[in-house]
Amino acid sequence: MTVLRHEDPPLLDQRKTPCLARLTARRVWQPTVAVSLGSRVVGIRANSVEAAQAVDEILADFRVPQHDPVARPNFSVELGAPIAPGRHGLNLVYRDHVVVARRREPAAVLRDLVELVHATALDQHTEQVAVRASAVVGDSGVTLVPPEWHTQLLLAQTRLAADGLEVLAPRVHVLDERTLELVRLASDKARGAHEDRRIGIRSWAVTMRSDTALTVAGAVHAAFHSVANTTARGPAPTLRSLVEVCAGVPVVGLAARPKAAHTSTTRELALTDGRGSGGKAS
Amino acid sequence: MSTSAGQSHQRGDGVFLRAASPAVEFVHVDGEAVVYHCDTRSLHLLNAVATTIWLMFDRPATVAETAERAGGHFGVPPESIHPDVLDLVADLARIKLLDEVTAP
């Protein structure tokens, strides 16, 4: 049994049981490796030696091998899981036992992994506001929709891609209120560049009791509880950031919808003119 | 200084003061206010009329004094707006956006 020493850093919570999917006696999870983001240690494991090497390589900047013995298997990476003899299936990332990224290309799922791992530390991010949302990128910018739609959007990735829309893997995103952009902190580090990638925010849909046109203040009120880093930044900076975002970006209030409508509504928001509180981006 | 006693906001004979930072943080945009109460961790959206009246309690005032001031602001007789101010003060005091204070 590993005993956590008092000097060990805080570990990311293991919210549910880790992934047990489809591994056999011949295919075992590799040992969990630790990465550090903010003040938190996140554990990641992979389904093969090659996959483990790929994870180690792409997260090299954040590796803290001294914490490998205590890290929990928060994320499980399954590259090229066989679906039949000689055939390989999707590349998957699990958070605990829930699939949070699925891609045909291993490189794409590894980029998702980096962003997902980064998102676990965004509650400690102090520079900009971080919000819980599912983000869909199209030619005209990124559309934010309620995070509870994310699972359906991941399942519809192929259909959305046919419309030129990409679902970002994380459910927490940093917004720059000065430039009205979503900031992808991690993805370019994974590619070796150290400049953040930025995408203009096209519109933001937040959950309301009914479909509602929102004033800027109404949008701030509706969006406040989606902020992930209020504790780290304080309520006053959070409110000010939201005012800037909601004044500049169309924010719409949408009533809860059945799962079957999540993809079509997102597609509509991302591909047609938005309406809402802000003006600059509509 | 807040008083612990009484429900005078229900009668309208108390003196009230707007709760301020660090207990309360707010933004004022296009006439409306979004107010976060740090102790209760509650968030409130005040419409334009409520915001105008809440901001009038930047110094200790009674309901009658505020109805007079609000009547002038909105161009209506104070007595016609007094019941609404009384109700609003009761609501704002209940959610701790107004503190009842001792008379200066």
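Colleague: Where is Asn229(A) placed?

Modeller: In this predicted model, Asn229(A) belongs to the loop between H6 and H7 of chain A.

Colleague: Why is Asn229(A) called buried?

Modeller: Its relative accessible area is 0%. Buried means under 20%, so Asn229(A) is classed as buried.

Colleague: What makes the approach of the Asn229(A) side chain to the backbone oxygen of His125(A) a polar contact?

Modeller: The side chain reaches that oxygen at 2.7 Å, and the limit for a pair of N or O atoms is 3.5 Å. The Asn229(A) side chain also reaches the backbone nitrogen of Ala130(A), at 3.0 Å. That distance too is set against the limit of 3.5 Å.

Colleague: Which residues is Asn229(A) in contact with, leaving aside neighbours within four places in sequence?

Modeller: Among them are Leu122(A), Asp123(A), Gln128(A) and Val129(A). His125(A) and Ala130(A) are included as well.

Colleague: Why is the pair of Phe224(A) and Tyr36(B) called tilted?

Modeller: It is one of three aromatic pairs over all chains. The ring centres of Phe224(A) and Tyr36(B) are 5.2 Å apart, with 40° between the planes. Pairing needs centres within 6.5 Å; under 30 degrees would be stacked and over 60 edge-to-face, so 40° leaves tilted.

Colleague: How do you know that this pair joins two chains?

Modeller: Phe224(A) lies in the loop between helix H6 (216–223) and helix H7 (230–233) of chain A, whereas Tyr36(B) is in strand S3 (residues 32–37) of chain B, so two chains are joined. Both partners are buried: Phe224(A) has a relative accessible area of 4% and Tyr36(B) one of 11%.

Colleague: What makes the pair of Phe16(B) and Phe57(B) edge-to-face?

Modeller: The planes stand at 85° and the centres are 6.4 Å apart. The angle is over 60 degrees and the distance is within 6.5 Å, so the pair is edge-to-face. Phe16(B) is in strand S1 (residues 15–18) and Phe57(B) in the loop between helix H2 (48–56) and strand S5 (61–62) of chain B, 41 residues apart. Relative accessible area is 0% for Phe16(B) and 0% for Phe57(B).

Colleague: How do you know that the charged end of Arg18(B) sits over the ring of Trp54(B)?

Modeller: The charged end is 5.1 Å from the ring centre, and the distance limit is 6 Å.

Colleague: Why is Ser76(A) called buried?

Modeller: Its relative accessible area of 0% is under 20%, so buried applies. Ser76(A) lies in strand S3 (residues 75–78) of chain A. Its side chain makes a polar contact of 2.9 Å with that of Arg45(A).

Technical notes: Residues are numbered from 1 along each chain as its sequence is written. Chains are lettered from A and ligands numbered from 1 in the order in which they are written. This is a predicted model: local features need pLDDT of at least 70, side-chain atom pairs count only at pLDDT 80 or more; totals for chains, interfaces and linings use all residues. Side-chain values use heavy atoms; hydrogens and water are left out. Rings of Phe, Tyr and Trp (its six-membered ring) pair if their centres lie within 6.5 Å; planes under 30 degrees apart count as stacked, over 60 as edge-to-face and the rest as tilted. Helices (H or I, at least four residues) and strands (E, at least two) are DSSP runs, numbered from the N terminus. Buried means under 20% relative accessible area, exposed over 50%, partly exposed in between (1.4 Å probe, protein chains only). A charge sits over a ring if NZ of Lys or CZ of Arg is within 6 Å of the ring centre and within 35 degrees of the ring normal. A polar contact is a pair of N or O atoms within 3.5 Å; within protein, one must be able to donate a hydrogen and the other to accept it, and residues adjacent in sequence count only if both atoms are side-chain atoms. Contact means heavy atoms within 4.5 Å.
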